[in-house]
Amino acid sequence: MRFGVLGPLQVTTDDGRAVRIVEAKVRALLCDLIAHEGRPVSAERLVEDLWNGAPPADPVAALRVKVSQLRRALADAEPGARALVESRPPGYALATDRTDVHRFRDLLDQARHLADDRARATLLTRALDLWRGPAFADFADEPFARGPASGLEEQRLTALEDLAEARLRLGDHHALTAELAGPAERHPLRERLQAALMRALYRAGRQPEALDVHHRLRTRLRDDLGLDPGPEIQALHRAILNHDPSLREPPAPALRTRLPVPVTDLIGRDADVEAIRALLAGTRLITLTGPGGVGKTRLALEAAAHATGGFPTEPPPVPEPTCATETTPPPTPACGEPARTASEAAGGDSAAKLAATSWNGGPTARTTEATARTAEGPRGEVAPARDAASPQATGAAAQAADGATARVAAKSCGEADGTAVMSLDDGSVVRAAGGTVRAAEGPRGDMASAWGAGSPQATGTAAQAAGGDGMFPDGVALVELAALPPGADSAEKVAEAVAGALGVSGDPGAALGGARVLLVLDNCEHVIEPVAKFVDTLLRSGSGPRVLATSREPLGIAGEHVWPVAPLEVPGAGAGPGELRESPAVRLFEARARAAAPEFALDDGNAEAVATVCRRLDGVPLALELAAARVRAFGVHRLAERLDDRFRLLASGRRAAPARQRTLRAVMDWSWELLTDSERAVLRRLAVHAGGFTLEAAEQTCGGDGVDPADVADLLARLVDRSLVVRAGERYRLLESVAAYCLERLDEAAETPAVRLRHAVYYTSVVECAESAWKRGSARERWLARLDAETANLRSALENTARHGDARLALRLTSSLAWYWALRGDVAAAHRLLTAVGEVAV
């Protein structure tokens, strides 16, 4: 049994069921016993507290009745709970420490002994979260509750002040400016609380408001008490006026945030990477969805690296100069054109001496005379000119005012792609690309130095003028959720995994506070419910953290931006080797095949076979990589021929890969096991369709045998969400590998004949409706387009009726199709199918 008085009285069983105690005096009795925290309370005191000096005729007997009613209410809710109310001289006691008051004080005591601010903030947050309102809210005016409630309120305010100071040391001042405003208004004479609000406002760039808080405090103290503020807050006031460096924002929290470095190049996803990186600038939750093996994890890691400064790597040795280290007054330096940098005063046109420019991570290249012009900031400011001889000039070429963009005409020295990166002395970063340089400044002016465009460090780093380096200054963390058991029933499991990845203790939301960190939550589909709950709580707890999730279905919470990850584009029919090389799917297959078999090369002799493999594997990257690894053993032609048995053919993969990604069948098994029985039934039955299907077709062919036809639409929608069915306009389809897997499952369920019969019956009815419409002349074009879209299904239906010897259905179908074949001139196909049907009829 658990008891709560940090708010209205609350009693719950161990399994969370609420215990109802209706009678007011019985509730008051329980609160009185809780207020004494296990100490016995005399009968006389209880009578006085319950009846306020007007006891009944027999007060002791009346008290016993109330005690008996309390015991009965507890016992009815949980066996044995009546023993919690003990008769102990000189009266009664509640023999339990399972109250929210005990929990609150325990957490405060633990926090008091911690040196780590992040861990302390976590415990203090948990303690304050126990409060549901004023202590003893039901009986706040009763004499027995006033003293305990007052003491608890003082502890709560002290905890709030402790938490505010810890979070200030962690840099969470932006959130605190809003969170402390209400408590500071309600408690205008608490100097420590007002000081915390002043610090938060100052660090958030709101100095006038911070000074206004001090003015209100000083006025109130003088008017109400005739006192001046204490020495601590007076010292803080002077520090704010003088912009004391001690008030500066603390360094960002150190989190254990490293991305695994990929061992292969990402092919065919450049546009996706850039689009997701741009989305991260303004979206707090992005979920990458798609079928198994489509490359969601790899894409997420690449996008995260581009948004946060690239994959970790060791700094390279300083290269030899690629530009002259010193140039002379002539207008053109030794290598390339002179840089034109930000340095003019507002509106000025005079030439200024230039600061040094660091090109490609190497020594500086100086120019002594050139014209420089700055871009105006958002309020019309311009960056000051810097003389080349000044200390600030070393390593600097331009400075954007207040984060504005400075454009500098320049040419790279020795870079094939026309790109170079500069690191400025103020911490901002400039990249030259195609003759244009952009200056980018992080939110704190603390952007890291950049290396040359040709170095590994340049990947995804200083080039991100739109927000790359500064987007997540506190880092990025990959949280791999695949190891969690499917169906983990609480968000705490996910929170533990996140805390482990970050290297923090306790609640990761409280530990992160206002940290601007990116969490990559990988493989969420099997724990989708707890992940959704955790992410929703995390995003509501502060504006700093952002989430990039990968899952085979969306999380389904507010603020989510779903980014479907499609398979790679496959080549069209009849494409030659030149066109094939433009296809992302072919590029990936060729690269991986050459890695497995160095002698492999794409040429006229194998171009069609490569295109066939890419098309039949739907451009799914994992399937292409598994197939490419088989080129060494079978060659590409034999590989293409054997794809009908793809699950045996692609039955071995990378040993280091997770078990669910080592083979094509393992990928499908992982998705299949996460489905309900009804979803499995619909999915395997959909596999009988060829060339796609409509919603109506799905309802007609998948309903029955344990699946209500009225539920098929909802089940189909869930399969689309789970990336197992692809929607294209008004039609749906299965990827070829998904369909092949589901046909095997259909055979295992012994449903193939029945489902194929329903398929043939449905498409026969479609053709008969089309024939009727054609004869009447109305809606002829619409039905022709419908039959064109269903050509593969019509052929499949005819072949199946012929194969299973259903002559009557086959004749109905062919007779109704005669007009369509005649209009479309499909004589060869019609003759072949009619021959098969004729054999059945005979």
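Me: What does helix 3 lie across, and at what angle does helix 3 run to strand 4?

Reply: Helix 3 (residues 59–77) lies across strand 4 and strand 5, and runs at about 145° to strand 4. Keep in mind that this is a predicted model.

Me: What makes strand 4 and strand 5 a pair?

Reply: Count the bridges. A pair needs at least two from DSSP, and strand 4 is joined to strand 5 (residues 91–94) by four, with the two strands running antiparallel. One example is Val-85, whose bridge partner in strand 5 is Leu-94. Helix 1 (residues 24–35) packs on this sheet too, touching strand 3, strand 4 and strand 5, and its direction makes about 75° with that of strand 5.

Me: Why are strand 3 and strand 4 called edge strands?

Reply: Look at the order, which is 3-5-4 in an open sheet of three strands with antiparallel pairing. Strand 3 (41–42) and strand 4 (85–88) each pair on one side only.

Me: Moving on to helices, why is helix 9 called roughly parallel to helix 11?

Reply: Two packed helices get described by the angle between their axes and the distance between the axes. Helix 9 (residues 191–203) and helix 11 (residues 231–241) pack at about 15°, with 10 Å between their axes. The cut-off for roughly parallel is under 35 degrees, so helix 9 counts as roughly parallel to helix 11. The crossing itself is left-handed.

Me: Which residues of helix 9 and helix 11 meet?

Reply: From helix 9 you have Glu-191, Gln-194, Ala-195, Met-198, Arg-199 and Tyr-202, and they meet Ile-233, Leu-236, His-237 and Ile-240 of helix 11.

Me: Where does Thr-663 sit, and how do you know whether Thr-663 is buried or exposed?

Reply: Thr-663 is in the loop between helix 23 (646–649) and helix 24 (664–673). Its relative accessible area is 16%. Leaving out residues up to four places away in sequence, Thr-663 touches Leu-626, Leu-650, Ala-651 and Ser-652.

Me: What makes the approach of Thr-663 to the backbone nitrogen of Ala-666 a polar contact?

Reply: Distance is one part of it: the limit is 3.5 Å between N or O atoms, and a polar atom of the Thr-663 side chain lies 3.0 Å from that nitrogen.

Me: Now strand 15. Why is strand 15 called mostly covered?

Reply: Six of the six residues in strand 15 (residues 546–551) are buried. In a regular strand the side chains alternate between the two faces of the sheet. Here Arg-546, Leu-548 and Thr-550 point one way, while Val-547, Ala-549 and Ser-551 point the other way, and all are buried. For the protein as a whole, 50% of the 842 residues count as buried.

Me: How do you know which strands pair with strand 15?

Reply: Bridges again, and two is enough for a pair. Strand 6 (residues 285–289) has five to strand 15, running parallel, with Thr-289 opposite Ser-551. Strand 14 (residues 518–522) has four to strand 15, also parallel, and Leu-518 has Arg-546 as its bridge partner.

Me: What is the order of the strands in that sheet, and which are its edges?

Reply: The order is 13-14-15-6-16, an open sheet of five strands with parallel pairing. Strand 13 (476–480) and strand 16 (560–564) are the edges, each pairing on one side only. From one strand to the next, the twist averages 20°. Helix 12 (residues 270–280) packs on the sheet, touching strand 6, strand 14, strand 15 and strand 16, and its direction makes about 180° with that of strand 16.

Key:
Residues are numbered from 1 along each chain as its sequence is written. This is a predicted model: local features need pLDDT of at least 70, side-chain atom pairs count only at pLDDT 80 or more; totals for chains, interfaces and linings use all residues. Side-chain values use heavy atoms; hydrogens and water are left out. Buried means under 20% relative accessible area, exposed over 50%, partly exposed in between (1.4 Å probe, protein chains only). A polar contact is a pair of N or O atoms within 3.5 Å; within protein, one must be able to donate a hydrogen and the other to accept it, and residues adjacent in sequence count only if both atoms are side-chain atoms. Contact means heavy atoms within 4.5 Å. Axes are lines fitted to C-alpha atoms, for helices over the stretch in contact, and angles run from 0 to 180 degrees between N-to-C directions. Angles under 35 degrees count as roughly parallel, over 145 as roughly antiparallel, 65 to 115 as roughly perpendicular and the rest as oblique. A crossing is left-handed if the near helix is turned anticlockwise from the far one by less than a right angle, and right-handed if clockwise.
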